[in-house]
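Welcome to my notebook page on this model. I jotted down what I looked up, entry by entry, with the cut-offs as I went.

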Amino acid sequence: MGMSYSTAKWMAPTSFLIDFAAQQYGMLSTPNMKTIHDRNLSFFSPQPFFIAGFFFPQQLFQLAWLYRLYKLDPKKPGERSELDQMVDFVPYYSVGNLCIATWMVFWNAERLDISNIFVVINSLTQLYYITAKLPAMNTNSTSSILTNIVSKTFAGIGVLDLLHNGSVAFAKDQPATTMVKALTGVGFGLASVVSDWIFGGCLVYDLVALAVGQSSLDGGWSKILGAYAVGSAAIVGAKNLARPPYNGPSSGYSKTATDEIQDRV
């Protein structure tokens, strides 16, 4: 393991507090983050209140995850394996928080080209973690469940951040081209096919936020995004209902004790 338990237990909450302070700065400064949003619109501009609505509950999950990280004792064998998975996520979690905090500074300075650098770093970092590093969820472990929720919601909203900041930084006031519309549908469709309930739900949320945000800018594009949201929800739902992610050796989740009993019966 690359990071010590003691380092992880101060690094993660410190990065959270830095990000939280930056968010307060973004909301309370003049101009604030919404003012900058309203002055810089493009074909991937979401309804900004959807982002706030996402981060409030997501931060509650972060606090629960941080509490578990602090509480678990590596000297207890039963808790050490849980803590190892959480500590493995800490570097990615901390990079994400610090990138979001730095993004806020440049966003409010209206240097969207520079802020986009930190969006790209954060989004790709979180996507890499959930696709290449995150262990299968153990539904008997609160720590595993929280790690999956926090990491996948970070990555999920990171997709929206990537589209939003990139479009306003380099295509301000431009409408969505046919190529953009097609690639958006294909990209979200393919991502939905390989997503579980958590990340897939985030993708649907991203599309709804975009559809609502575009409703006052480009009604036609808004309707297409709404249709993509419905399609993405259908794909995620059908895939996970037909092949429940907690049922089977190739799943992304581990079986619960109840499932194992039912299998024996």
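**Entry: L190**
I looked up L190 and found it exposed, because its relative accessibility is 57%. For my terms, buried means under 20% relative accessible area, exposed over 50% and partly exposed in between, with a 1.4 Å probe and protein chains only. L190 sits in helix α7, which covers 178-193. Helices here are DSSP runs (H or I, at least four residues; strands are E, at least two), numbered from the N terminus. I also checked L190 against R243: the two are 53 residues apart along the chain, and their C-alpha atoms are separated by 17 Å.

**Entry: ground rules**
This is a predicted model, so I kept in mind that local features need pLDDT of at least 70 and side-chain atom pairs count only at pLDDT 80 or more, while totals for chains, interfaces and linings use all residues. Residues are numbered from 1 along each chain as its sequence is written, and side-chain values use heavy atoms, with hydrogens and water left out.

Most residues other than glycine have a negative phi, and most peptide bonds are trans, so I went looking for exceptions. One is the cis peptide bond that joins T30 and P31, with omega about -5°. P31 lies in the loop between α1 and α2.
E110 has a positive phi, near 60°, in a residue other than glycine. I placed E110 in the loop between α4 and α5, and at 30% relative accessibility it counts as partly exposed. D173 also has a positive phi, near 65°. D173 belongs to the loop between α6 and α7 and is exposed, at 58% relative accessibility.

**Entry: aromatic pairs**
A pair of aromatic rings is described by the distance of the centres and the angle of the planes. I count rings of Phe, Tyr and Trp (its six-membered ring) as paired if their centres lie within 6.5 Å; planes under 30 degrees apart are stacked, over 60 edge-to-face and the rest tilted. The structure holds 15 such aromatic pairs. One of them is F43 with F44, edge-to-face at 5.0 Å centre to centre and 65° between the planes. F54 and F55 are edge-to-face because their planes stand at 85°, with the ring centres 6.0 Å apart.

F44 is buried at 8% relative accessibility and lies in the loop between α2 and α3. Contact means heavy atoms within 4.5 Å. Leaving out residues up to four places away in sequence, F44 touches L163, H164, S167, V180, T184, L210, Q214 and W221. F44 and Q214 are 170 residues apart along the chain, yet their C-alpha atoms are separated by 7.6 Å.
Q126, in helix α5, is buried with a relative accessible area of 1%. Leaving out residues up to four places away in sequence, Q126 touches F89, Y92, G96, F154 and A155.

**Entry: helix α3**
α3 has 24 residues and reaches 35 Å from its first C-alpha to its last, close to the 34 Å expected at 1.5 Å a residue (the expected span is 1.5 Å times one less than the number of residues). Buried residues of α3 include I51, F54, F55, W65 and L69. The buried residues of α3 pack against α1, α2, α4, α6 and α8 (197-214).

**Entry: the largest pocket**
Of its 30 lining residues, the closest to the centre are Q23, M33, I51, A52 and F55. The elements giving two or more residues to the lining are α1 (5-28), α2 (33-39), α3 (48-71), α4 (77-108), α5 (112-133) and α6 (142-170). Which element gives the most to the lining? α3 does, with nine residues. By class, the lining divides into 15 nonpolar, twelve polar and three charged residues; Ala, Val, Leu, Ile, Met, Phe, Trp, Tyr, Cys and Pro count as nonpolar, Asp, Glu, Lys and Arg as charged, and the others, Gly among them, as polar.
A pocket, on a 1 Å grid over the protein atoms alone, is an open set of points where a 1.4 Å probe fits, with protein on both sides within 12 Å along at least five of seven lines; lining residues have an atom within 4 Å of a point.
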